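Here are my notes on the model, point by point. Please read them with the structure open.

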Amino acid sequence: MQGQSRIEAALRQAGVPFTREEPMARHTTFQIGGPAALFAAPQEEQQLLAALDICQKAGVRCRVLGKGSNLLFADEGFDGVVIALGPIADGIAVKENSITAWAGTALGRLCTTAAASGLAGLEFAMGIPGSVGGAVYMNAGAYGGEMKDVLTEVRFVDETGAVRSLPADTLGLGYRTSIFQQKSWCILSAAFAMHPDSRGEIEARMADYLDRRRQKQPLELPSAGSTFKRPAGAFAAALIEQCGLKGYRVGGAAVSEKHSGFVVNLGGASCRDVLQLTGEVARIVQEKTGYALEREVQLVE
Ligand SMILES: Cc1cc2nc3c(=O)[nH]c(=O)nc-3n(C[C@H](O)[C@H](O)[C@H](O)COP(=O)(O)OP(=O)(O)OC[C@H]3O[C@@H](n4cnc5c(N)ncnc54)[C@H](O)[C@@H]3O)c2cc1C
């Protein structure tokens, strides 16, 4: 990466921990991906702001990483800086019926905090293995709910380094999409409007969703969840199954036998395997059913 030694010196000076040539397979639920030239892991918001500023001034590519549960990195790796957002102290604040959470907070932790506070609205998110930032970026959803339903405001860093806030209804939230997919903005925190309910009822709904996931999803194998978006008027998994593609395999990647909407890593799958597999699945589904499948998993090349 051009100017790497200067970037390293600036990160060191700002106190941002980093490593070189970090295999992205270690940081994604797919367990696929070559090395990132630099992998920075800010431990607090000031360090994150500094890391973003350093990348912006150096003019290098930068990618924010949440829990890596919707990412597919190229086998060749990433010639830039990956900035990984972990949890920070005081990452969740509950005030009356609203919750504000730091972007690196695990959704699971957000959900259990909401339940313990007797606040309902985020039950659908229990079991989605992402972070708050990644879930806002994707407008993650399940079982009839999505982030859009409860999100009220997002605080983020824009391309000039300014920290701004925008109300949720200006964020272009739609089915697995948001304004953040068009911008190089970094989400810092998100606020949610909840409603009071009994802790027991909330926890029972969350337990039910977790149970359904365990029964239907191949959670024992590495994956990035649903590989394709749901095309209008159909379900990707049903179309794939209808085309006889359950178990269809390229190298170490295969359409899950348990849930055809998932591509799983059977061991040693490469990004190339996944791209070839998803390309073939989409082509066959299009030929046989007329539906166009679009990848939901975010490819980083
Ligand atoms: C077993 C399994 C089940 C799943 N089930 C569901 C489901 O039911 N519903 C669903 O919607 N998804 C599901 N997913 C997919 C995934 O968990 C969600 O998309 C999740 O919201 C991604 O969050 P993340 O933190 O892992 O994001 P990452 O994978 O780390 O990143 C995803 C994208 O968001 C960007 N990003 C992350 N954080 C930030 C930030 N702070 N600022 C700016 N950009 C950011 C990244 O650059 C990347 O482009 C599942 C995945 C798995 C593996």
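1. Helix α4 is the top contributor to the shell around the ligand, giving five residues. Keep in mind that this is a predicted model. The shell counts 33 residues, and those that come nearest to the ligand are G66, G130, G133, G134 and G225. Several elements supply two or more shell residues: β3 (62-65), α4 (132-138), β9 (141-142), β13 (186-193) and β15 (223-226).

2. What is the make-up of the shell around the ligand by class? Its residues split into 17 nonpolar, 14 polar and two charged.

3. Next, the domains. The assignment divides the chain into domain 1 (4-84), domain 2 (92-202) and domain 3 (218-300). Taken over C-alpha atoms, the centres of domain 1 and domain 3 are 28 Å apart. Contacts link 14 residues of domain 1 with 14 residues of domain 3. On the domain 1 side of this contact, β4 gives the most, with three residues. That side of domain 1 has seven nonpolar, five polar and two charged residues.

4. Is D75 buried, exposed or partly exposed? D75 has 16 other C-beta atoms within 10 Å, so it is partly exposed. The cut-offs behind that call are 20 or more for buried and 12 or fewer for exposed.

5. Which residues does D75 touch beyond its neighbours within four places in sequence? They are G34, S270, C271 and R272. I32 is 43 residues away from D75 along the chain, yet the two C-alpha atoms are separated by 7.4 Å.

6. Now a sheet. Five strands form an open sheet in the order β6-β7-β13-β11-β12, and the pairing is antiparallel. Its edges are β6 (92-95) and β12 (163-167), each of which pairs on one side only. On average, neighbouring strands in this sheet are turned by 15 degrees against each other, direction ignored. In general, strands of a sheet pair through backbone hydrogen bonds, either parallel or antiparallel.

7. β11 (residues 151-157) runs antiparallel to β12, and five bridges join the two strands. Where does E153 point you in β12? Opposite E153 stands P167.

Terms used:
Residues numbered from 1 in each chain as written. Predicted model: local features only at pLDDT ≥ 70, side-chain atom pairs only at ≥ 80, totals over all residues. Near = placed C-beta within 6 Å. Helix = DSSP H or I, 4+ residues; strand = E, 2+ residues; numbered from the N terminus. Nonpolar A, V, L, I, M, F, W, Y, C, P; charged D, E, K, R; others polar. Contact = placed C-beta atoms within 7 Å. Domains from an automatic or database assignment. Pairing = 2+ DSSP bridges. Axes fitted to C-alpha atoms, helices over the stretch in contact; angles between N-to-C directions.
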